[in-house]
Amino acid sequence: MNAPVTLAVTLDRLSMRQRAEISAIDWDSMSENEGARLRALGLDEGVEVEKLHKGMFGFSDPIALKVGRMMIAVRKSHASAISVVIPA
Amino acid sequence: MSEAAPLIVLAGNPNAGKSALFNALTGARQKIANYPGVTVERKSGHFQMADGRPAELVDLPGSYSLEPTSPDEAVTRSVIMGEQQGERKPDAIIIVLDAANLDNHLRFALEVIALGRPVVIALNMMDLAERDGLTLDPAKLEAELGVPVIPTVAVRRRGLDHLSAAVEARLTEKTDPLDIVVSKERDHGLRKQAKKIANLTVVSETAGRRWSERADAMFLHPVAGPVILLAIMFVMFQAVFAWSEAPIGWIEGASEWAAVAVEATLPEGFLRDFLIEGAIGGVGSVVVFLPQILILFLFILLLEASGYMTRAAFIMDRLMASVGLSGRSFIPLLSSFACAIPGIMATRSIADPKDRLTTILVAPLMTCAARLPVYAIIIGAFIPARDVGLGVGLQGLVLFGLYIFGIVGAMLVAMVLRSTVAKGPNSGFLMEMPKYQMPRLRDILLGLWQRAWIFLRRAGTIIFAATVVLWLMLTYPKVPIDSPMSQVDYSAAGRIANVIEPVVAPIGFNRDIALALIPAMAAREVAVAALATTYAIDAPDEEAEAKSLTERLQSSWSLPTALAFLAWFVFAPQCLSTIAVTKRETNGWKWPMFMLAYLFALAYVAAGITYWTAIALGL
């Protein structure tokens, strides 16, 4: 067995339909309330996400993520605080 | 047990089917009120438990967590904790879970169960979960959670008897709530536990139907998505005119018939004039717009029930962000196209206070249904019913333009507010987009009926009262036979209007408009009724009286005046109910007064610019 090769990016730069696992969230870059809301909607370290859609042409903001069986909309500003690893 | 009926609360994530379960358990007898001191709705009803005892059921606002991030969630938390002012401590809590979304929804359930209060789980929307390819084991879930789990399908009334029996069994238990300690670590643990239990409960999972995702590939497409949204809105506004023609004809026919009947039965005099000119003429000219209002509400209800509304918010978020708002404001603002009051109340789900204030202040700029009667009569009278190609009517196009005018105005105002009185950091946009659902005919019809009833009640009360007062003020004092003045000029209302006229004359308004604007402070639709009453009284003879309001407007208003009148109503804050709800939602007079002042100023400027531009263009 090979050791898993992982590639780390932030969520806003993830390619479409790409599955990834959240490795770290920069909680300090957002308010208490925003952080709590992020966690309440299921976005937390160790969660698997998939990027499904992006906003209007020319902006690509916000983005829609599949979290579990839910679809969640997040702005790029929050997505850039979320680091993910893509399993090899 | 106390003497009072036990209090049972329904809690759960948004989109778990909580309201459907509430409706199924309580039937149509529901009471909607407010919690004291906060602007969160308290929806309660009664249901009978298995042994025939009555219980009070309260539908709490949907929450993702006991750790509140909005005023709604704060109420849910304090009711569950037994700390909410004006609410008894609940005797039992029903937590509604979406069976197809366990790993996300179990998180909230675990939080509540951890409090040690009597809890029953309603594992709702089991049918949809099965259709999604999920096979669940409720017994396993029950064993893991340690509380009763009852599978339900609220919309088909399945599992309700079991649910109320389980609730009843838990009522006898006495428990003391534990405290919640909030931390990232706790959130983390909750999520892991939720995921673990969800995995244990799901027996098997197949791909199932993915049509919701396929639909989103189209509706959320970066290019096609905005085009579809624009097309839906355009069709909606065209339909308001095109589909309403026939029913409007019926209502007009009925009110003419009523006027003729009154004329034939009653002797000439006060009562006959009052009934024909005041009551039938005034109220009838407003009720005639019921079909258009219902068509508009039909579209909004369908968009909401299908789940498309959240997609619209997603598409619009980036544009809203450019004026300092978020996609979250889009739903309250779109609801304001029907009526600003539910729109302003819907701002409660906006977590950021500055965002919320801005949304409340611009909500009246969205073209509400009450403006339709005003727009419709003026457009009908002054804009030719021409086809401009591709089956698009010029009248519909002008109406669409007025809506756009209001939207653009709202965006500009929001931008100014966000950098002045509502200054603050740009808030985020985090929102769940539920799966698409086929709207249920019964819910849509119930919604339409409620709207129609509210409108007719308004027509029967506020609009009727304003029309009658105006009619009396226009009829008295009676002009002497030998006077060269007309009845309207001589009347009390006419004299007041003559004082106001110089103020509005620079923006192209005549005395009749000045007259209509006063009673229209109560509600915008009254303007139409007021014009109808004025022209009915002013009619020099029977033949003139028989002319329709449209014909009279055409003969006494110029096109620039008509256009200025339309521009005025895009902005004018003429609705007492909106001012009242703004006062309630902002807890004071400061913001409603601010709203009144800035909207009147904008209305005056917009009408003036429209009038003088139209004159300059030689229209």
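Author: Start in chain B. B:L470, B:M473 and B:L474 of α19(B) meet B:A492, B:A493 and B:G494 of α21(B). Contact here means that the C-beta atoms of two residues, placed from the backbone, lie within 7 Å. Helices (H or I, at least four residues) and strands (E, at least two) are DSSP runs, numbered from the N terminus.

This is a predicted model: local features need pLDDT of at least 70, side-chain atom pairs count only at pLDDT 80 or more, and totals for chains, interfaces and linings use all residues. Residues are numbered from 1 along each chain as its sequence is written, while chains are lettered from A and ligands numbered from 1 in the order in which they are written.

Ala, Val, Leu, Ile, Met, Phe, Trp, Tyr, Cys and Pro count as nonpolar; Asp, Glu, Lys and Arg count as charged; the others, Gly among them, count as polar.

Now the geometry. α19(B) covers residues 441–475 and α21(B) covers residues 492–504. They pack at an angle of about 90°, with axes 5 Å apart. Axes are lines fitted to C-alpha atoms, for helices over the stretch in contact, and angles run from 0 to 180 degrees between N-to-C directions. The two helices are therefore roughly perpendicular. Under 35 degrees counts as roughly parallel, over 145 as roughly antiparallel, 65 to 115 as roughly perpendicular, and the rest as oblique.

Chain B has another helix pair to look at. α27(B) (residues 576–586) packs on α28(B) (residues 590–616) at about 140°, with the axes 7 Å apart. That makes α27(B) oblique to α28(B). From α27(B), the contact uses B:I579, B:T582, B:K583 and B:T586. From α28(B) come B:W591, B:P592, B:M595 and B:L596. The classes are five nonpolar, two polar and one charged.

Next, the meeting of the two chains. Here 31 residues of chain A are in contact with 28 residues of chain B. On the chain A side, α1 (32–40), β3 (48–54), β5 (70–74) and α2 (76–79) each supply at least two residues. α1(A) gives the most, with seven. That side of chain A has 15 nonpolar, seven polar and nine charged residues.

A strand pairing joins the chains too. β5(A) and β10(B) (residues 430–432) pair in the antiparallel sense over three bridges. Strands pair if DSSP finds at least two bridges between them. A:A73 stands opposite B:M431.

Within chain A, β3(A) has two partners to follow. β2(A) (residues 19–25) pairs with β3(A) in the antiparallel sense over three bridges. There, A:E21 has A:E48 as its bridge partner. β3(A) also pairs with β4(A) (residues 63–67), antiparallel over five bridges. A:H53 stands opposite A:A64 in that strand.

Back to chain B for one residue. B:Y64 lies in the loop between β4 (54–59) and α2 (71–80) of chain B. B:Y64 counts as buried because it has 26 C-beta neighbours inside 10 Å. Buried means 20 or more other C-beta atoms within 10 Å of a residue's own, exposed 12 or fewer, and partly exposed in between, with C-beta atoms placed from the backbone. Apart from neighbours within four places in sequence, B:Y64 is in contact with A:A40, A:L41, B:N13 and B:F108. B:F108 is one of the buried residues of α3(B). Ten of the twelve residues of α3(B) (residues 102–113) are buried, so this helix is largely enclosed by the rest of the structure.
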